[in-house]
Amino acid sequence: MTGLQRWLSIGLIALSLPTITPAQTQDQVRQQAESRLRQMSPSEIEQAIKQYGLTVDEATKRAQSMGITLQDFLSRPAV
């Protein structure tokens with residue numbers, strides 16, 4: 001697993017978790033997830049969403065519950 005794949009996995013796991021860990025605040029989790037998403041292209045994000053068995057709609061709702069607008073990351077031009 002490459003560093004990017006590992007990083008991507010951690011970011012999407014954070015988005016897929018229904019709750020946060022006791023050691024982290026929701027704000028810390030949100031900041032980490034946003035940081036990871038900023039470094040990914042829209043196609044990488046979509047691929048990771050599928051890899052974790054989520055639909056874009058499900059991932060969007062989970063991200064929204066954390067204060068993240070996933071569509072902002074999915075709709076931006078690829079870098």
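The side chains of arginine 30 and glutamate 34 come together in a salt bridge, with 2.9 Å from N to O. Here, a salt bridge is a side-chain nitrogen of Lys or Arg within 4 Å of a carboxyl oxygen of Asp or Glu. The model is a predicted one, so to speak of local features takes a pLDDT of at least 70 and side-chain atom pairs count only at pLDDT 80 or more, while totals for chains, interfaces and linings use all residues. Residues are numbered from 1 along each chain as its sequence is written, and side-chain values use heavy atoms, with hydrogens and water left out.

Both arginine 30 and glutamate 34 sit in helix H2 (residues 26-38), four residues apart, or about one turn of the helix. Helices (H or I, at least four residues) and strands (E, at least two) are DSSP runs, numbered from the N terminus. Glutamate 34 counts as buried because its relative accessibility is 14%, whereas arginine 38, at 48%, counts as partly exposed. Buried means under 20% relative accessible area, exposed over 50%, and partly exposed in between (1.4 Å probe, protein chains only). Asp27 joins in too: Asp27, Arg30, Glu34 and Arg38 are linked in a network of salt bridges.

The whole structure holds four salt bridges. Aspartate 57 counts as partly exposed, at 46% relative accessibility, and lysine 61 counts as exposed, at 52%. As a general point, side chains of opposite charge can pair when their charged atoms come close.

So what else does H4 show? In helix H4 (residues 56-65), the buried residues are Ala59, Thr60 and Ala63. They end up on the same side of H4 because they cover an arc of only 100° around the axis, the arc being that of the directions from the helix axis to the C-beta atoms. Turned away from that buried side is a face with the exposed residues Lys61, Gln64 and Ser65. Just after H4 comes glycine 67, with a positive phi of about 85°.

Next comes the largest nonpolar core, which has 15 residues; Leu37, Ile45, Ile49, Ile68 and Leu70 touch the most other members. A nonpolar core is a set of buried Ala, Val, Leu, Ile, Met, Phe, Trp, Tyr and Cys residues joined through side-chain atoms within 4.5 Å. The elements giving two or more residues to this core are H2, helix H3 (42-51), H4 and helix H5 (70-74).

As for the protein chain overall, it has five helices and zero strands, and 35% of its 79 residues count as buried. Among its contacts (heavy atoms within 4.5 Å) with a separation of 6 or more, 72% are between residues 24 or more positions apart.
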